[in-house]
Amino acid sequence: MAGEPWRTAVVGAGLVGQGWAIVFARAGLPVTIYDERLEIRRTVMASLEAKLADLHRYGLIDSVEAVAARFKISDNLEDALRDVRYVQESVFERVDVKTQIAHAISNVLSDDAIVGSSSSGIPASAFTEGVARRDQFLIAHPVNPPHLVPVVELVAAPWTRRGVVEQVRCFMEELGQKPIVVKREIEGFVLNRLQGALLNEAWALFEEGIASAADIDRTVSDGLGVRWSFMGPFETIDLNAPGGVVDYADRLGGLFHSIALSRDHPKRWSKDTAIRVGSERRETLPLSDLDKRCAWRDRQLMALAARRMPGERD
Ligand SMILES: NC(=O)c1ccc[n+]([C@@H]2O[C@H](COP(=O)([O-])OP(=O)(O)OC[C@H]3O[C@@H](n4cnc5c(N)ncnc54)[C@H](O)[C@@H]3O)[C@@H](O)[C@H]2O)c1
């Protein structure tokens, strides 16, 4: 980082907040961590240390102690934000909760500090309109867990100060994250709109009895997703026709248009289908093993992160 390393703070230390704390600390930055729940403030250090031990096991950090030494737990917001240059807000995904915390943060924020919200789909304008320092807020939406999946969506509100998105983009790059800029506010941003398109189709295919949930999952895990772990949909089709993307659009544009026309009545996911997907999933994974499977997923992500050589994809 040009100049002084930014002091950082994490507000809300659940799944995502803890991931962000690791992102900042492993890049060498001090991080203060604040959560409104005493229970979380008491247990978060142990939880972070366990995650750091896993990262160390996969060769993703050199020293658990050195990274852990950069965390400081704060008992109140004002202390947590003192002299901080970048705040990552990761509280519940609710407009009322985000609005309340945005006001509280704004009241103790210094003039040159920036606040990124982890919001999954609520745009910043929905919870910062009446906030005094609203021009210092933007969305910095990660994928869970942010210390293992690098993309982060940056979305300004109409009143976000000029230059803030660019500053945060550079900051995220320096942290080793992979920022993308969403040019204007839209519900769900880019990531969840893409994910939503796939989920809506998966839901419809299952509901119509076209394939089992396991086979739909396998189509992604052993098919589309294998390529998607290192290139996106546009690059994928560019490489799938001798004349590149224009040739691909000529050859298969008609098919994709016809598929789109067959889905012109969007439906809310029905409870009945959710229960049927759930009972198929529970045959493979009892609910009591969900935590174990999450830990397995994180280990898979760590193995992947350890194999992805920086620069190879760029
Ligand atoms: N979980 C995901 O997959 C994921 C992915 C990307 C983004 N997000 C977004 O990140 C944010 C956090 O999600 P999460 O999954 O970490 O939730 P979580 O429930 O695990 O954690 C939220 C934490 O915020 C704390 N909190 C709530 N109100 C607070 C307040 N006023 N002040 C301080 N702390 C407060 C809670 O005590 C809790 O510990 C949400 O906006 C969510 O949509 C989640």
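Tutor: The secondary structure of this predicted model comes to 13 helices and eight strands. The C-alpha atoms fill a box of roughly 55 × 40 × 40 Å along the principal axes. A compact globule of 314 residues would have a radius of gyration near 20 Å, and the value for this protein, 21 Å, therefore agrees with that expectation. Of the 314 residues, 36% are buried.

Within this whole, let us turn to strand S4, which covers residues 86-89.

Next come the partners of S4. Strand S1, residues 8-11, pairs with S4 in the parallel sense, and four bridges hold the pairing. Within it, Val87 of S4 stands opposite Ala9. S4 is also joined to strand S5, residues 114-117, again by four bridges and with the two strands running parallel. Here Gln88 has Gly116 of S5 as its bridge partner. To pass from S4 to S5, the chain goes through helix H5, residues 95-107, and this β-α-β crossover is right-handed.

Besides H5, helix H1 (15-26) and strand S6 (137-142) each supply at least two lining residues. The volume of this pocket is about 550 Å³. Sorted by class, its lining has 13 nonpolar, ten polar and five charged residues.

One further residue deserves mention in connection with this region. Val131 lies in the loop between helix H6 (125-128) and S6. Is Val131 buried or exposed? Residues under 20% relative accessible area are taken as buried; Val131 has a relative accessibility of 4%, and so it counts as buried. The C-alpha atom of Val131 is separated by 9.4 Å from that of Gln100, although the two residues are 31 apart along the chain.

Technical notes
Residues are numbered from 1 along each chain as its sequence is written. This is a predicted model: local features need pLDDT of at least 70, side-chain atom pairs count only at pLDDT 80 or more; totals for chains, interfaces and linings use all residues. Side-chain values use heavy atoms; hydrogens and water are left out. Buried means under 20% relative accessible area, exposed over 50%, partly exposed in between (1.4 Å probe, protein chains only). Two strands pair if DSSP finds at least two bridges between them. A crossover is right-handed if, with the strands pointing away from the viewer, the path from the first strand over the helix to the second runs clockwise. On a 1 Å grid over the protein atoms alone, a cavity is a set of points where a 1.4 Å probe fits but cannot get out, and a pocket is an open set with protein on both sides within 12 Å along at least five of seven lines; lining residues have an atom within 4 Å of a point. Grid points are joined across faces, edges and corners, and a volume is the space filled by probe spheres set on the points. Ala, Val, Leu, Ile, Met, Phe, Trp, Tyr, Cys and Pro count as nonpolar, Asp, Glu, Lys and Arg as charged, and the others, Gly among them, as polar. The radius of gyration is taken over C-alpha atoms; the globule rule is 2.2 Å times the number of residues to the power 0.38.
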